[in-house]
Amino acid sequence: MPQTTKSIAVAPVGRKEILSQLARCPSLPSLGSINKALQGLLIVEQRYTAHIAEIIRRDPSLTSRLLRLVNSVYYGLNTPVNSIEEAVFYLGVRQIRQLAMVTPVIEDFQRLTRQCDFPWREFWQHCIGVAILTREVTTSINAQSDDADYVAGLVHDVGKIVMAWTFPDHFTEIHRQGVANPRNLVEVENEVLGIDHAELGALYLERHHLPELMVHSARYHHQPERAAQFPQTIAAVQIADLLLRSEKMGFSGDHREVTRDECFAASGWKILLPDSHESEHNIARASLTRTLEQMPQLLEGLV
Ligand SMILES: [Fe+2]
Ligand SMILES: [Fe+2]
């Protein structure tokens, strides 16, 4: 939680000022390389898988994150896992590939956020948790899911990082107000700064020519019904975000409490299961509940 208790005198900022500050915000090189890697992966998935241990070994930061993850998820193992091959065996290729994508993004994000007092570690857990759950929500309704869903989840709240970098005083004041009087974060952001994290994140990703899926995920993750493109993925991001918040896993930056019922009444379900019966909802609910049970250990290992 932010330590600041005194309010900061800040006034909302006009569109021109927002765009000029946004132009100064550094790019996140990892997002561009993820995009390239994703395109490459679709074509050479098999070959990539075969070389995975070799690729990981070249990246010390990824190697240590990977070993930390495997040892925390499988903490019951008699002997700790020390080799990449063993880690790949335990975690499976899909999770390793996701970890490989998330590591440079989180490191880039961390560089942007040093100046604001905020529980960033819990926030990274929120981003990664939403990435993982976005895929799980999609598979819980028997739809196909791929790494693009994971990335859409990972970057959905990038606007908060951009806000902390471009308007640190507004960001701090927004979170001071959130602690004092928890209410809808998007409303508070619009009142205090004149723009919310969803729109700011989308403008930022657009500026850096990132894929439309990322841009739309950032812009519409709180209102997937407004998304003209990729509505299913964005609906899954909305639900994943609400589920993690209702379970209080990680910290999204929004102090308002979310109930389980609110998660299952979210507008995203109407997009994912338009003419469904109660039973389909119950199946999806049961499979998501199982994933959520394992989530705290997974998140501890990742960040
Ligand atoms: Fe958000
Ligand atoms: Fe979020």
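Predicted model: local features only at pLDDT ≥ 70, side-chain atom pairs only at ≥ 80, totals over all residues.
Is Phe 123 buried or exposed, and what is its relative accessible area? I looked that up before anything else. Phe 123 has a relative accessible area of 0%, so I put it down as buried.

**Aromatic rings**

I searched the whole structure for aromatic pairs and got 10. One of them joins Phe 118 and Phe 123, edge-to-face, at 6.1 Å centre to centre with 70° between the planes. Phe 118 is buried too, like Phe 123. Next I checked Trp 120 against Phe 123: the centres are 5.6 Å apart and the planes sit at 85°, so I logged that pair as edge-to-face. Both residues belong to helix 7 (residues 120–140), where 3 residues, about one turn, separate them. Trp 120 comes out at 10% relative accessibility, under the 20% limit, so it counts as buried. I then traced the cluster: Phe 109, Phe 118, Trp 120, Phe 123, Trp 124, Phe 171 and Phe 251 make up one aromatic group.

I also spotted Arg 285, whose charged end sits over the ring of Phe 264, 4.0 Å from the ring centre.

**Iron site**

Which protein atoms hold the iron ion (ligand 1)? I found OD of Asp 157 plus NE2 of His 197, His 221 and His 222, at 2.1 to 2.3 Å. The angles between the 4 donor atoms run from 82 to 171°, so I called the arrangement irregular. Asp 157 also bridges to the iron ion (ligand 2), with 3.8 Å between the two ions.

Notes
Residues numbered from 1 in each chain as written. Chains lettered and ligands numbered in written order. Heavy atoms only, no water. Donors = N, O, S within 2.8 Å, 3.2 Å for Na, K, Ca; no water. Tetrahedral: all angles 85-135°; square planar, octahedral: opposite > 155°, others 65-115°. Phe/Tyr/Trp six-rings, centres within 6.5 Å; stacked < 30°, edge-to-face > 60°. Buried < 20%, exposed > 50% of the residue type's maximum accessible area, 1.4 Å probe, protein only. Helix = DSSP H or I, 4+ residues; strand = E, 2+ residues; numbered from the N terminus. Lys NZ or Arg CZ within 6 Å of the ring centre and 35° of its normal.
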